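Subject: A structure for you to look at

Hello,

Here is the structure I promised to pass on. Please have a look at it first, and then read my notes below.

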Amino acid sequence: MTLPATMRAIVLPRHAVDLSEAIAGLRVEERPVPSLRKGQVLIRMLAAPCNPSDLLFLQDQYGVKKTLPSVPGWEGVGEVVASGGGFLPWFLKGKKVACAGQADRDGTWAEYFVTEAAQCLPLLAGMDAVQGSMLIVNPFTAAALLDEARSLGSNAVVHLAAASQLGRMMLPLAKDMRIPLLNVVRRPAQVELLRGLGAEHVLNSSAPGHAEELRALCQRLGATVACDPVAGPRTGQVLEAMGQGGTVLVYGALSGEACGGIDPIGLIFKQQRVRGFWLSEWVQSRGMLAILRRGNALQRHFVSGTLRSAVRAEVGFDAFAAQLQAYADDMTGGKVVLRPWGAGA
Ligand SMILES: NC(=O)c1ccc[n+]([C@@H]2O[C@H](COP(=O)([O-])OP(=O)(O)OC[C@H]3O[C@@H](n4cnc5c(N)ncnc54)[C@H](OP(=O)(O)O)[C@@H]3O)[C@@H](O)[C@H]2O)c1
């Protein structure tokens, strides 16, 4: 296959703290197809989603910085069309892979994407391309957070913003691990959504008496770990609800606020802890084989239908920015997925 010299891509010319401003600044441009180094693969992208981590990147609040202008997008799916040399890139050539990359180079919102072969997972037979484009960021994080909670010895896990795609994935994964989940959401419609998916414990943080209800349930089920993608005052509230020995794993910044309301007395005398969690670090602390095995186990869930990401729209380059704004305005409504070569590709 002869590779073109240029590709279409979504380009971020400058960051903006105001998300709508950052989205409005995105451009569709012709860029050079990235060149390859040893150990890397060139992927013809079939689908790439927008996650909250992409929104954080647009606002210059993500943990990885890129030299602008640059192409956003941390994950996706595509076909490996060229190898930069080495056994793994050679092995992956011609295969469909879920891929990710967290480096100062162009991301997945493009026709082509270069990444390390070690950051690709071959798709299993029966794995849908759009679902495969969202295989890495959320499913791995959901599984990793439950692993962390188990290793911290918690009998149950509190999960905030539980109507997120990640939160919905936690339901079957926690069930498999026999870990009761206390799902906290912020709207009645989200309570209904999670109940419809079979969640047993769903609490609405906007309802009167929520703090007492959460405290009572934490004590009854023995929840000493909470996974918190919201931050702000919720962090201190859930720590207080868990009491002695409670740990909050902060893994998102959806409120845009600093973690608050944390009682120093709890940190000093009740062995309470607040920690950050970042999937990138977790992956680096695992061997490649363990990641591959976990990836295959997660894919089997997708193939059997127990895991899936809700999708609001599959769109081409020109409609992408408008759909990003719709996603930012109603995140529970599902992901926007860029289909560089059309939905049938
Ligand atoms: N640390 C890591 O390595 C890592 C990896 C993967 C994901 N994450 C984080 O995981 C979280 C979920 O990701 P996702 O892709 O599953 O999200 P998503 O499907 O886009 O959904 C986001 C959810 O959060 C809710 N939400 C937004 N702002 C909120 C607030 N201030 N208070 C309470 N709920 C709020 C939304 O509800 P509404 O519809 O009501 O707005 C929606 O249900 C994100 O924070 C993401 O950054 C972190």
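A definition to begin with: two residues are in contact if their C-beta atoms, placed from the backbone, lie within 7 Å. Please keep in mind that this is a predicted model, where local features need pLDDT of at least 70 and side-chain atom pairs count only at pLDDT 80 or more, while totals for chains, interfaces and linings use all residues. Residues are numbered from 1 along each chain as its sequence is written. Helices (H or I, at least four residues) and strands (E, at least two) are DSSP runs, numbered from the N terminus.

Let me start with a pair of helices. Helix H5 (residues 137-151) and helix H6 (residues 165-176) have axes that come within 9 Å and cross at roughly 50°. That makes H5 oblique to H6. Axes here are lines fitted to C-alpha atoms, for helices over the stretch in contact, and angles run from 0 to 180 degrees between N-to-C directions. Angles under 35 degrees count as roughly parallel, over 145 as roughly antiparallel, 65 to 115 as roughly perpendicular and the rest as oblique. From H5, Asn138, Pro139, Thr141, Ala142, Ala143 and Leu146 meet Gln165, Leu166, Met169, Met170, Leu173 and Ala174 of H6. This contact of H5 with H6 has 9 nonpolar residues, 3 polar and no charged. In that count, Ala, Val, Leu, Ile, Met, Phe, Trp, Tyr, Cys and Pro are nonpolar, Asp, Glu, Lys and Arg are charged, and the others, Gly among them, are polar.

Next comes the sheet. Six strands form an open sheet in the order S10-S9-S8-S11-S12-S13, with parallel pairing; two strands pair if DSSP finds at least two bridges between them. At the edges are strand S10 (201-204) and strand S13 (273-276), each pairing on one side only. On average, neighbouring strands of this sheet are turned by 20° against each other, direction ignored. Inside the sheet, strand S8 (residues 156-160) and strand S9 (residues 181-185) pair in the parallel sense over 4 bridges, and Leu160 stands opposite Val184 in S9.

Two helices pack on this sheet. Helix H7 (residues 188-196) touches S9 and S10, and its direction makes about 175° with that of S10. Helix H9 (residues 233-242) touches S8, strand S11 (223-228), strand S12 (247-250) and S13, and its direction makes about 170° with that of S11.

H9 also has a helix partner: the axes of helix H8 (residues 210-221) and H9 come within 8 Å and cross at roughly 45°. H8 and H9 are therefore oblique to each other. Ala211, Leu214, Arg215 and Cys218 of H8 make the contact with Gln237, Val238, Ala241 and Met242 of H9. Those residues divide into 6 nonpolar, 1 polar and 1 charged.

What surrounds the ligand? There are 25 residues around the ligand, and Ser164, Leu166, Gly252, Leu279 and Thr332 come nearest; a residue counts as near if its C-beta atom, placed from the backbone, lies within 6 Å. The shell divides into 13 nonpolar, 9 polar and 3 charged residues. H5 gives the most to the shell, with 3 residues.

Finally, two backbone details. A cis peptide bond, with omega about 0°, joins Leu68 and Pro69. Ala161, in the loop between S8 and H6, has a phi near 50°, a positive value in a residue other than glycine.

Best wishes
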